[in-house]
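Me: I am new to this structure and would like to learn how to read it. Please take me through the features in turn.

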Amino acid sequence: MTAAAPDPRSCPTCGDALTFEILDDERFLVAWSCVTCGLIRTTEPG
Ligand SMILES: [Zn+2]
């Protein structure tokens with residue numbers, strides 16, 4: 001099944017692909033950054 005939903009790994013601002021960097025392996029804390037506009041998001045489990 002192919003959905004047209006936006007990729008969560010794409011930049012919400014400019015739409016480019018985000019690159020991720022693992023900040024904390026044990027807590028699954030990951031930083032997603034956009035090389036195009038400089039946006040940075042971090043995710044960690046609730
Ligand atoms: Zn961007």
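Me: How are the strands arranged in the sheet, and in which sense do they pair?
Reply: Strands are DSSP runs of E with at least two residues, helices are runs of H or I with at least four residues, and both are numbered from the N terminus. Two strands pair if DSSP finds at least two bridges between them. Here three strands make an open sheet in the order 1-2-3, with antiparallel pairing. Strand 1 (19–24) and strand 3 (40–43) are the edge strands, each pairing on one side only. On average, neighbouring strands of this sheet are turned by 25° against each other, direction ignored. For such angles, axes are lines fitted to C-alpha atoms, for helices over the stretch in contact, and the angles run from 0 to 180 degrees between N-to-C directions.

Me: What should I know about the origin of the model and its numbering?
Reply: The model is predicted: local features need pLDDT of at least 70, side-chain atom pairs count only at pLDDT 80 or more, and totals for chains, interfaces and linings use all residues. Residues are numbered from 1 along each chain as its sequence is written.

Me: How many helices and strands are there in the protein?
Reply: The protein has zero helices and three strands. Read from the N terminus on, the elements run β-β-β.

Me: How many bridges does strand 1 form with strand 2?
Reply: Strand 1 and strand 2 (residues 29–33) are paired over five bridges in the antiparallel sense. Phenylalanine 20 has tryptophan 32 of strand 2 as its bridge partner, and glutamate 21 stands opposite alanine 31, also in strand 2.

Me: How many bridges join strand 2 to strand 3?
Reply: Four bridges join these antiparallel strands. Serine 33 has isoleucine 40 in strand 3 as its bridge partner. The hairpin of strand 2 and strand 3 has six residues between the strands, and in it glycine 38 takes a positive phi near 85°.

Me: Is arginine 27 buried or exposed?
Reply: Arginine 27 is exposed, because 10 other C-beta atoms lie within 10 Å. Arginine 27 is in the loop between strand 1 and strand 2. From arginine 27 to glutamate 44 the C-alpha to C-alpha distance is 7.0 Å, and the two are 17 residues apart in sequence.

Me: Where is glycine 15 found?
Reply: Glycine 15 is in the segment before strand 1. With 12 other C-beta atoms within 10 Å, glycine 15 is exposed.

Definitions and conventions
A residue is buried if 20 or more other C-beta atoms lie within 10 Å of its own, exposed if 12 or fewer, and partly exposed in between; C-beta atoms are placed from the backbone.
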